[in-house]
Amino acid sequence: MSPQFMTVKQTAEHLNMSVQWVYREAPRVGLVPYRFGSGRNAKLQFKVTEVNAWVKQQRMSGG
């Protein structure tokens with residue numbers, strides 16, 4: 001069974017972007033993180049299917 005969520009680091013690697021980019025830009029461009037826990041110990045993660053759907057939307061049309 002494949003994982004349902006990715007950490008910020010895994011998401012950055014998947015997108016070939018920096019961790020800083022994921023924290024700063026991902027919510028702005030439509031990648032909404034899920035927060036597990038509360039306060040300083042909260043972990044942000046991204047749903048794999050949502051990240052992959054976002055990537056497909058970024059495809060440039062050839063023309």
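This is a predicted model: local features need pLDDT of at least 70, side-chain atom pairs count only at pLDDT 80 or more; totals for chains, interfaces and linings use all residues.

Student: Which residues of α3 are buried?

Tutor: Val48, Val51 and Trp54, in a helix that spans residues 48–57.

Student: What makes you put those three on the same side of α3?

Tutor: Look at the arc they cover around the axis: it is only 130°, so they sit on the same side of α3.

Student: Why is Trp54 called buried?

Tutor: Set the value against the cut-off. Buried means under 20% relative accessible area, and Trp54 has 14%, so it counts as buried.

Student: How do you know that Trp54 pairs with Trp21, and why is the pair called tilted?

Tutor: Two rings pair if their centres lie within 6.5 Å, and the centres of Trp21 and Trp54 are 6.3 Å apart. For the name, look at the planes: under 30 degrees is stacked, over 60 is edge-to-face, and the rest are tilted. Here the planes are at 50°, so this pair is tilted. It ties together distant parts of the chain, with Trp21 in helix α2 and Trp54 in helix α3, 33 residues apart. Trp21 is buried too, at 15%.

Student: How many aromatic pairs does the structure hold?

Tutor: It holds 3. One of them is Phe5 with Phe36, whose ring centres are 5.2 Å apart.

Student: What makes that pair edge-to-face?

Tutor: The planes of Phe5 and Phe36 stand at 80°, and the cut-off for edge-to-face is over 60.

Student: Why is Phe5 called partly exposed?

Tutor: Buried needs under 20% and exposed needs over 50%, with partly exposed in between. Phe5 has 23%, so it falls in the middle class. Phe36, at 39%, is partly exposed as well.

Student: What makes β1 and β2 the edge strands?

Tutor: The 3 strands form an open sheet in the order β1-β3-β2, with antiparallel pairing. β1 and β2 each have a single partner strand, so one side of each is left without a neighbour in the sheet. The twist from one strand to the next averages 45°.

Student: How do you know that β2 and β3 pair?

Tutor: Pairing takes at least two bridges, and β2 and β3 have 3, in the antiparallel sense. For instance, Phe36 has Lys43 in β3 as its bridge partner.

Student: How do the helices run relative to these strands?

Tutor: α1 lies across β1 and β3, at about 95° to β1. α3 lies across β1, β2 and β3, at about 60° to β3.

Student: Last topic, then. How do you know that Glu25 and Arg28 form a salt bridge?

Tutor: The nitrogen and oxygen must be within 4 Å, and the closest N and O atoms of this pair are 2.5 Å apart. Both residues lie in helix α2, 3 residues apart, about one turn of the helix. Glu25 also meets Arg24 in a salt bridge, at 3.2 Å from N to O. A search of the whole structure finds 2 salt bridges, and Arg24, Glu25 and Arg28 are linked in a network.

Student: Which of these three are buried or exposed?

Tutor: Glu25 is buried at 15%. Arg24, at 53%, is exposed, and Arg28, at 64%, counts as exposed. The cut-off for exposed is over 50%.

Definitions and conventions:
Residues are numbered from 1 along each chain as its sequence is written. Side-chain values use heavy atoms; hydrogens and water are left out. Buried means under 20% relative accessible area, exposed over 50%, partly exposed in between (1.4 Å probe, protein chains only). Helices (H or I, at least four residues) and strands (E, at least two) are DSSP runs, numbered from the N terminus. The arc is that of the directions from the helix axis to the C-beta atoms. A salt bridge is a side-chain nitrogen of Lys or Arg within 4 Å of a carboxyl oxygen of Asp or Glu. Rings of Phe, Tyr and Trp (its six-membered ring) pair if their centres lie within 6.5 Å; planes under 30 degrees apart count as stacked, over 60 as edge-to-face and the rest as tilted. Axes are lines fitted to C-alpha atoms, for helices over the stretch in contact, and angles run from 0 to 180 degrees between N-to-C directions. Contact means heavy atoms within 4.5 Å.
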